[in-house]
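User: Hello! I am new to this structure and would like to walk through some of its helix contacts and ring pairs. Could you help me?

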Amino acid sequence: MATAQSGTGRTITTRIPARLDRLPWSRWHWSVVIGLGTVWILDGMEVTVVGNIAARLSEPGSGLPITSGEVTGISAALYVTGACLGALFWGRLTDIYGRKKLFLITLAVYLGATAMTALSFDTWWFFLFRFLTGFGIGGEYAAINSAIDELIPAQYRGRVDLLINGSYWLGAVAGALLSIVALNTSIFPADVGWRLTFALGAVLSLAILLVRRHVPESPRWLLIHGRDEEAERIVAGIEERVTADGGKELPAADGEMTIHQRSRTTFTEIARTVFGRYRRRSTLGFALFIGQAFLYNAITFGFGAILTQFFDVPSGNTGYYFAVIAAGNFLGPLLLGKLFDTVGRRIMISGTYVLSGALLFGTAWLFDRGSLTAATMTACWCVVLFFASAGASSAYLTVSEIFPMETRAMSIAFFYAIGTAAGGISGPLLFAELTGTGKVGDTVLAFQIGAGLMVAAGVVAALLAVNAERRSLEDIAAPLSAAEPQQAVARP
């Protein structure tokens with residue numbers, strides 16, 4: 001690594017991004033996936049548990065004076081509001097102070113808030129700590145997606161990112177099955193079982209926190225912030241472990257870049273970059289997030305209520321149905337993820353969005369005709385969400401890879417917050433109001449709105465998606481600190 005002095009900071013020429021991208025998959029990469037990605041399991045468990053316990057919490061003897069609509073409406077909206085504000089707050093700090101500090105702090109916030117939710121004694125307490133739980137989770141989105149994309153080799157980045165974001169649905173399966181046990185009053189009293197589900201989330205997050213301590217800081221972030229010697233030590237250590245695992249020497253890294261190191265990037269520069277230089281990419285980010293956020297935050301928060309209200313499914317049994325659609329959600333990113341790296345981003349992103357929207361229109365039509373039972377409704381949702389889940393996960397992948405390094409966490413946070421605020425705050429409130437009427441037509445309308453937004457987002461992706469498959473992050477969007485002319489990092 002060559003180093004030269006500059007009046008505004010050091011200028012360095014490095015091969016570290018290329019060295020990270022040319023690595024073969026190894027056990028070390030699995031340790032990153034486990035240490036960082038498993039938090040989505042907790043998020044999925046949180047959301048699913050709340051959706052499934054809504055009916056039980058509203059029953060006498062639950063220990064809380066709350067209605068089912070307040071759980072799936074107000075509580076869900078507060079959780080998402082907290083996530084949006086948390087994403088913006090922690091996202092800015094992630095770009096300034098590094099990925100590792102923030103993915104430890106945000107998980108600790110989540111841990112404390114979900115533990116306090118288990119101790120809820122009144123409605124206001126439950127609402128407050130649902131908000132703070134979301135506040136911690138929102139920060140996780142920015143810190144975790146930044147770190148993952150900057151540590152995973154380019155040729156695997158798409159499938160790994162989709163799998164990690166899709167692991168949310170493993171948590172949903174766990175939450176659905178857990179709610180079956182927790183809501184069984186022959187095992188736990190009505191005012192105890194639901195509390196144990198939140199307490200378990202706190203215990204699992206503590207275990208993840210202990211594992212996460214061993215995940216290193218992003219070498220890419222260290223390079224730009226004047227800590228290139230530390231970045232060199234981390235990458236050399238990774239290379240040593242990967243070589244030991246594979247039993248053969250690594251190929252030479254092809255490509256280098258020169259950057260002017262800086263301490264931080266101003267809001268003005270971020271805004272100019274995201275909304276000026278990359279305005280088409282910003283339009284893409286908005287469309288993808290709004291479409292998937294409305295579909296998921298509006299519809300899945302209230303799936304348990306739909307089953308109990310329209311199909312007379314007992315509140316203690318909704319978990320079985322949710323486990324089925326959650327499994328479909330996880331299988332989507334798992335089975336389709338590789339295609340995002342091979343077939344390509346544009347085709348796969350637009351295809352999954354449009355197809356899931358079209359299938360949801362079909363489900364709404366069948367529901368309106370009265371042709372569905374609880375089982376067939378669940379089967380339809382399983383198919384819809386198989387494709388929608390891959391598309392939704394690709395939204396996080398997209399905004400984390402198409403903007404410059406210095407703005408990455410803040411870009412993720414911004415698009416998540418704006419898109420989720422549009423679809424995730426208004427969605428649960430609107431959907432709770434529509435399903436609360438007990439009229440089939442109102443619920444059909446909610447389905448159609450979600451479907452229409454997904455199709456529209458798919459059309460935008462077909463026009464504006466970036467062909468980022470198997471390309472270095474620095475090739476997709478040159479760092480703002482890159483020397484001119486930019487010496488692009490070659491594709492692995």
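Analyst: Gladly! Please keep in mind that this is a predicted model.

User: How are helix 7 and helix 17 oriented to each other?

Analyst: Helix 7 covers residues 157-166, and its axis lies 9 Å from that of helix 17. The two pack at an angle of about 125°. Angles of 65 to 115 degrees count as roughly perpendicular and those over 145 as roughly antiparallel. Helix 7 and helix 17 are therefore oblique.

User: Which class has 6 residues in the contact of helix 7 with helix 17?

Analyst: On the helix 7 side, the contact includes Arg157, Gly158 and Asn165. Helix 17 brings residues including Ala390, Ser393 and Ser394. Sorted by class, the contact of helix 7 with helix 17 has 4 nonpolar and 3 charged residues, and the class with 6 is polar.

User: How are helix 6 and helix 17 oriented to each other?

Analyst: Helix 6 (residues 123-151) packs with helix 17 (residues 374-401), their axes being 10 Å apart. The angle here is about 70°, and 65 to 115 degrees is the range for roughly perpendicular. So helix 6 and helix 17 are roughly perpendicular.

User: Which residues of helix 17 does helix 6 meet?

Analyst: From helix 6 come Tyr141, Asn145 and Asp149. Their partners in helix 17 are Tyr396, Leu397, Ser400 and Glu401.

User: How many aromatic pairs does the structure hold, and what is the arrangement of Phe275 and Phe414?

Analyst: The structure holds 29 aromatic pairs. In one of them, the centres of Phe275 and Phe414 are 5.2 Å apart, with 75° between the planes. Planes over 60 degrees apart count as edge-to-face, so the pair of Phe275 and Phe414 is edge-to-face.

User: How many residues apart are Phe275 and Phe414?

Analyst: Phe275 sits in helix 12 (residues 267-277), while Phe414 belongs to helix 18 (residues 408-436). Their pair links distant parts of the chain, and the separation is 139 residues.

User: Is Phe403 buried or exposed?

Analyst: Phe403 pairs edge-to-face with Tyr278, at 6.1 Å centre to centre and 90° between the planes. The relative accessible area of Phe403 is 1%. Because under 20% counts as buried, Phe403 is buried.

How values were computed
Residues numbered from 1 in each chain as written. Predicted model: local features only at pLDDT ≥ 70, side-chain atom pairs only at ≥ 80, totals over all residues. Heavy atoms only, no water. Axes fitted to C-alpha atoms, helices over the stretch in contact; angles between N-to-C directions. Helix = DSSP H or I, 4+ residues; strand = E, 2+ residues; numbered from the N terminus. Parallel < 35°, antiparallel > 145°, perpendicular 65-115°, else oblique. Contact = heavy atoms within 4.5 Å. Nonpolar A, V, L, I, M, F, W, Y, C, P; charged D, E, K, R; others polar. Phe/Tyr/Trp six-rings, centres within 6.5 Å; stacked < 30°, edge-to-face > 60°. Buried < 20%, exposed > 50% of the residue type's maximum accessible area, 1.4 Å probe, protein only.
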